[in-house]
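Subject: The structure, plus some notes

Hi,

Here is the structure I promised to send over. Have a look at it first, then read on for what turned up.

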Amino acid sequence: IAAFLAGATIEDAMRRLCDAHGVTYDTQYSSISKLQAVLYQPSKQIEIISQSENKHITVWGDTRNKADHGKFGEITHTEVVSMIMGVRSFIEKHLP
């Protein structure tokens, strides 16, 4: 449940980050990966999130998907705690 909630939280934070920066995204079909793709586009000089944050978000999205699909045996306690701490840090940095 914690992985699911942390995933929903990062998704919401990325929507708010898009809104704050005037970045357009599909409001009906937004997902972690789709929001991530609009926030980090180095080829278009759009780097609202860093390369490092982008990599972390990919891992968090994978963890959330495992939780969403009931693959609890594939998620470790350490992975979920790291995700929660990382999401919290991301929000504190980008959405004070």
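This is a predicted model: local features need pLDDT of at least 70, side-chain atom pairs count only at pLDDT 80 or more; totals for chains, interfaces and linings use all residues.

Residues are numbered from 1 along each chain as its sequence is written, and side-chain values use heavy atoms, with hydrogens and water left out.

Buried here are A3, A6, G7, I10, E11, A13, M14, L17 and C18 (buried is under 20% relative accessible area, exposed over 50%, partly exposed in between, with a 1.4 Å probe and protein chains only). Seen down the axis of α1, they fall within an arc of 165°, so they line one face of the helix (the arc is that of the directions from the helix axis to the C-beta atoms). That buried set packs against α2 (32–39), α3 (51–68) and α4 (77–94), where contact is heavy atoms within 4.5 Å. After α1 comes G22, with a positive phi near 70°.

Next, α3 and α4. They pack at about 130°, their axes 10 Å apart (axes are lines fitted to C-alpha atoms, for helices over the stretch in contact, and angles run from 0 to 180 degrees between N-to-C directions). That makes α3 oblique to α4 (under 35 degrees is roughly parallel, over 145 roughly antiparallel, 65 to 115 roughly perpendicular, and the rest oblique). Residues of α3 in this contact include W60 and R64, and those of α4 include M83 and F90.

The loop between α3 and α4 holds I75, which is buried at 16% relative accessible area. Leaving aside residues up to four places away in sequence, I75 touches T63, K66, A67 and V80. The C-alpha atoms of I75 and A3 are 8.7 Å apart, although 72 residues separate them along the chain.

Last, Q45 sits in the loop between β1 (40–41) and β2 (46–47) and is exposed, at 67%. Its phi is positive, about 60°, although Q45 is not a glycine. Most residues other than glycine have a negative phi.

Cheers

Terms used: Helices (H or I, at least four residues) and strands (E, at least two) are DSSP runs, numbered from the N terminus.
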